[in-house]
Amino acid sequence: MHSAQRVVLIGPMGAGKTTLGTAVAKELGWAYFDNDGEMTKRYHHSQAELSAMPVPELHALESRYLADVLKEDAPLITGAAASVVDYPENRELLKSITAIYLRIPVEQVIARAGGTGVGRQALAENGTSILTERYERRDPLYKECAKLVLELGNSPEADTKKLADYLRALS
């Protein structure tokens with residue numbers, strides 16, 4: 001199966017991976033796998049358990065999910081946890097398929113992140129400074145892995161069209 005038919009949306013929390021992934025998968029008739037939802041099903045943890053999990057344990061599970069979901073039949077689209085680019089083996093995996101960086105300004109990350117949910121454990125202790133630190137550290141890593149950096153605008157519909165058109169051109 002062509003690597004262009006295994007698409008992983010990467011970027012910070014709040015970038016719109018679930019929103020755009022769901023819409024583009026529907027438009028293209030592809031399978032969509034939601035990162036958080038799939039982790040609850042595959043590894044038998046509730047959303048509350050994932051949200052309370054120590055960060056190193058959660059990151060290990062998110063890395064496992066990335067490798068596991070890419071074994072599913074293509075074509076598929078999934079979102080990846082923001083943290084996956086922190087690990088060299090995940091970056092190599094992302095380079096081997098079609099990773100698309102959904103890039104938004106750090107101010108939008110802060111506005112959209114919220115304070116609860118999977119992957120937001122550190123926000124309760126560190127507030128927005130952790131989001132800024134992660135954004136600045138991960139931005140070049142996302143760019144390194146991505147076949148496309150999609151600068152998102154204010155219209156999910158327009159962003160969906162751009163992403164779908166890009167994926168159609170690859171097929």
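I started with histidine 44, which I found in the loop between helix H2 (35-43) and helix H3 (47-52), helices and strands being DSSP runs (H or I over at least four residues for helices, E over at least two for strands) numbered from the N terminus. The model is a predicted one, in which local features need pLDDT of at least 70 and side-chain atom pairs count only at pLDDT 80 or more, while totals for chains, interfaces and linings use all residues. Residues are numbered from 1 along each chain as its sequence is written, and side-chain values use heavy atoms, with hydrogens and water left out.

I noted that histidine 44 has a positive phi of about 60° although it is not a glycine. Is histidine 44 buried or exposed? At 66% relative accessibility I count histidine 44 as exposed, the terms being buried for under 20% relative accessible area, exposed for over 50% and partly exposed in between, with a 1.4 Å probe and protein chains only.

I then looked at proline 75, in the loop between helix H4 (55-69) and strand S3 (76-79), and found the peptide bond from alanine 74 to proline 75 to be cis, with omega near 5°.

Next I looked up the whole chain, whose secondary structure comes to nine helices and five strands. Buried residues make up 49% of its 171 residues.

For the sheet I wrote down an open arrangement of five strands in the order S2-S3-S1-S4-S5, with parallel pairing, where two strands pair if DSSP finds at least two bridges between them. Strand S2 (31-33) and S5 stand at the edges, each with a single partner strand, so one side of each has no neighbour in the sheet. Neighbouring strands are turned by 20° against each other on average, direction ignored, with axes taken as lines fitted to C-alpha atoms (for helices over the stretch in contact) and angles running from 0 to 180 degrees between N-to-C directions.

I followed strand S4 (residues 98-103) in detail and found six of its six residues buried. Thr98, Ile100 and Leu102 point one way from S4, whereas Ala99, Tyr101 and Arg103 point the other way. On one side, four bridges join S4 in parallel to strand S1 (residues 6-10), with valine 8 opposite alanine 99 and isoleucine 10 opposite tyrosine 101. S4 also pairs in the parallel sense with strand S5 (residues 148-151) over four bridges, and there isoleucine 100 stands opposite leucine 148.

My last entry concerns helix H8 (residues 128-145), whose 18 residues reach 25 Å from first C-alpha to last, close to the 26 Å expected at 1.5 Å a residue, the expected span being 1.5 Å times one less than the number of residues. H8 bends by about 35° at arginine 138, and proline 140 follows within four residues; the bend is the angle between axes fitted to the seven residues ending at a residue and the seven starting there. Arg138 is among the buried residues of H8, as are Leu141 and Cys145.

H8 lies across S1, S4 and S5, running at about 145° to S4. I also saw that helix H5 (residues 88-95) and H8 pack at an angle of about 35°, with their axes 8 Å apart. In this packing Arg91, Leu94 and Lys95 of H5 meet Leu141, Glu144 and Cys145 of H8, contact meaning heavy atoms within 4.5 Å.
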